Structure formats: C-alpha cells, structure tokens
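Hello,

I am passing on the structure below, followed by notes on what was found in it. Please read the notes with the model open.

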Amino acid sequence: MILAAHTTQAAQAGQQAHGFLSPTGVEILFLLVGLVTLGAALVTVTTRQLVHAALWLVVALGGLAVEYLLLTAEFIAWVQVLIYVGSVVVLLLFGLMLTKAPIGRSPDADSGNRPVALAVALAAGAALVWVVVDAFRTTWIDLDGAVQGSTKVSGETLFRHWVLPFEALSVLLLAALVGAIVLSRKKKEGER
C-alpha cells in the first residue's frame with residue numbers, strides 16, 4: 001500500500017517535473033527530424049542541379065510527413081506522402097523530363113542575385129514567423145474535443161474552409177502538366 005502511494009507520488013512528481021529542460025524522446029526526435037528537414041530544404045534551394053533539387057525536395061517533404069506522424073496527425077502525414085511526395089514531386093520530375101531540362105549543372109538556372117534573394121527569403125521567413133506567433137498567441141487546444149489532426153477534424157476543416165484553394169491547386173497542377181507537354185512538343189523550324 002505504501003509502495004503504491006509512493007509510486008503514484010513519484011509518477012505525479014515526474015509529470016510535474018517534465019518541462020522545457022527535460023524533453024521526452026519524441027520531442028528530441030521531433031527536433032532531429034526538423035533539423036534534417038531544414039537541411040534538405042536548404043540543399044533543395046541552393047543546389048545547381050535541377051534533378052538533385054527535386055530529389056532533395058522529396059527528402060524535405062518526407063521529413064514533414066514524419067513530423068506530422070510525431071504530432072499524432074496520421075491522416076495529414078499520409079496526405080503529405082500521397083499528394084506532395086507522390087504527386088507533386090512526380091509532376092515536377094515529369095516536367096523536367098518533358099521540357100528536356102539539363103541533367104547536370106545549369107548555369108542559366110542561377111540569376112546571380114543571391115544576396116537579394118537571401119534578404120527577401122529572410123524577410124519573408126521573419127514575417128511568416130511573426131504572423132503565426134501573433135495569430136496563435138492566445139489559442140488554446142481543446143483537449144476535450146476531437147483530436148486535432150484526426151480524419152474527422154481535418155475533413156471538416158478542409159471541406160468547410162479550404163475547398164476553393166484545394167480545387168484551385170488541382171487546376172494549377174493540371175495546367176503545369178499541360179504546359180510542360182506543350183513546351184516539350186515545340187515544333188522545330190521546317191516541321192509541320
């Protein structure tokens with residue numbers, strides 16, 4: 001009896017002691033996967049080979065899917081894998097192949113405005129962080145309601161608030177595919 005009371009008190013003390021300075025294994029894994037994803041994203045935008053950029057994009061998007069799994073949002077993780085890794089990157093690779101983009105280094109892919117691009121990227125990143133922090137500063141998660149990231153909550157949000165952007169994105173991706181096919185079938189001089 002005394003042992004059970006002592007174990008319960010130790011468990012409660014352990015739960016209370018958990019904080020910022022004592023992360024769990026999931027939090028450490030979340031941070032490590034986040035760093036790998038950030039590194040892959042940086043390589044994606046800094047590499048001079050287009051095919052390598054597309055493949056590093058697969059790593060970055062896969063890392064985001066793992067982050068969703070760690071946040072117990074399995075449905076969003078599978079949507080990330082199926083739509084972004086499975087469809088968008090394949091569409092990108094087909095676009096590269098159909099437009100006969102150079103496989104190796106392409107000097108025309110670099111405009112020489114790296115300092116300006118870096119300044120714009122940092123400003124945009126800072127603005128996004130500020131907007132997200134400001135928007136969710138006083139937001140609290142309802143622990144008694146449906147689990148955030150579950151299929152029910154995600155479906156309700158998607159089909160209530162995001163139907164038009166979702167459909168616009170599908171039309172945009174279709175237009176990109178058709179444009180890649182048209183560009184790859186340009187008529188050469190003297191052909192009918």
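Helices (H or I, at least four residues) and strands (E, at least two) are DSSP runs, numbered from the N terminus. This is a predicted model, in which local features need pLDDT of at least 70, side-chain atom pairs count only at pLDDT 80 or more, and totals for chains, interfaces and linings use all residues. Residues are numbered from 1 along each chain as its sequence is written, and side-chain values use heavy atoms, with hydrogens and water left out.

The chain as a whole

The chain has seven helices and zero strands, in the order α-α-α-α-α-α-α. Of its 192 residues, 14% are buried (under 20% relative accessible area; exposed is over 50% and partly exposed in between, with a 1.4 Å probe and protein chains only).

T72

T72 sits in the loop between α3 (50–70) and α4 (74–98). Its phi is near 60 degrees, a positive value in a residue other than glycine. T72 counts as partly exposed because its relative accessibility is 46%.

E67

E67 belongs to helix α3. E67 is buried but has no salt bridge (a side-chain nitrogen of Lys or Arg within 4 Å of a carboxyl oxygen of Asp or Glu). The nearest side chain of opposite charge is R137, 22 Å away; Lys and Arg count as positive and Asp and Glu as negative, while His and the chain ends are not counted. Leaving aside residues up to four places away in sequence, E67 touches F30, V33 and G34, where contact means heavy atoms within 4.5 Å.

Regards
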